[in-house]
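Biologist: I have a new model on my screen. Can you walk me through what it shows, one question at a time?

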Amino acid sequence: MCVDLKSKEVASKFKQVVSKKENLETLGGMSDASSEGTTHSVRLEEQLAFSDWVNSNLRHDTDLKHLLPIDPEGKALYDRVKDGILLW
């Protein structure tokens, strides 16, 4: 099996797919201490999926009423987790 996978160059194709920068946003650190040289890359699909999951599963939590729903299209997700009540 290993020889077959090597012959098909699966590793190089996988690397090409993973390395694509489509729908990718790079964010700096969220605090002054972490913003120097720290970045986080997130795919739009991840942001949409996580926002949807939070909205769907935590919408009835009374402690999160002031944070939900989260607009999946914008950067609201990152603003809403800053106070530490909604963590991922």
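Biologist: Is L86 buried or exposed?

Modeller: Keep in mind that this is a predicted model. The cut-off for buried is under 20% relative accessible area. L86 has a relative accessible area of 4%, so L86 is buried.

Biologist: Where does L86 lie, and which residues does L86 touch?

Modeller: L86 lies in the segment after α5. Leave out residues up to four places away in sequence. The residues that L86 then touches are V54, L58, L64, L67, I70, R80 and V81.

Biologist: How many Å apart in space are L86 and V54, C-alpha to C-alpha?

Modeller: V54 is one of the residues that L86 touches. In sequence, L86 and V54 are 32 residues apart. In space, their C-alpha atoms are 9.0 Å apart.

Biologist: What percentage of the chain counts as buried?

Modeller: The chain has 88 residues. Its secondary structure comes to five helices and two strands, in the pattern α-α-β-α-β-α-α along the sequence. The part of the chain that counts as buried is 17%.

Biologist: Which element has the highest mean pLDDT?

Modeller: The chain averages a pLDDT of 76, and 61% of the residues score at least 70. Among the elements, helix α3 (residues 32-35) has the lowest mean, 56. The highest mean, 90, belongs to α4.

Biologist: What span does α4 reach from its first C-alpha to its last?

Modeller: Helix α4 covers residues 44-58, which makes 15 residues. At 1.5 Å a residue, the expected span is 21 Å. The span in the model is close to that, at 21 Å.

Biologist: Which residues in α4 are buried, and how wide an arc do they cover around the axis?

Modeller: The buried residues in α4 are Q47, S51, V54 and N55. They sit on the same side of α4 because the arc they cover around the axis is only 95°.

Biologist: Is F50 buried, exposed or partly exposed?

Modeller: F50 is in helix α4. F50 and P72 are 22 residues apart in sequence and 8.2 Å apart in space, C-alpha to C-alpha. Buried would need under 20% relative accessible area, and exposed over 50%. F50 has 24%, so F50 is partly exposed.

Biologist: Which residues form the salt bridge, and how far apart are the closest N and O atoms?

Modeller: Side chains of opposite charge can pair when their charged atoms come close. The count comes to one salt bridge. K82 forms this salt bridge with D79, and the closest N and O atoms are 3.7 Å apart.

Biologist: Is the peptide bond from L68 to P69 cis or trans?

Modeller: P69 is found in the loop between α4 and α5. Most peptide bonds are trans. The bond from L68 to P69 has omega near 0°, and that bond is cis.

Note on methods:
Residues are numbered from 1 along each chain as its sequence is written. This is a predicted model: local features need pLDDT of at least 70, side-chain atom pairs count only at pLDDT 80 or more; totals for chains, interfaces and linings use all residues. Side-chain values use heavy atoms; hydrogens and water are left out. Helices (H or I, at least four residues) and strands (E, at least two) are DSSP runs, numbered from the N terminus. The expected span of a helix is 1.5 Å times one less than its number of residues. Buried means under 20% relative accessible area, exposed over 50%, partly exposed in between (1.4 Å probe, protein chains only). The arc is that of the directions from the helix axis to the C-beta atoms. pLDDT is the predictor's confidence in each residue, from 0 to 100. A salt bridge is a side-chain nitrogen of Lys or Arg within 4 Å of a carboxyl oxygen of Asp or Glu. Contact means heavy atoms within 4.5 Å.
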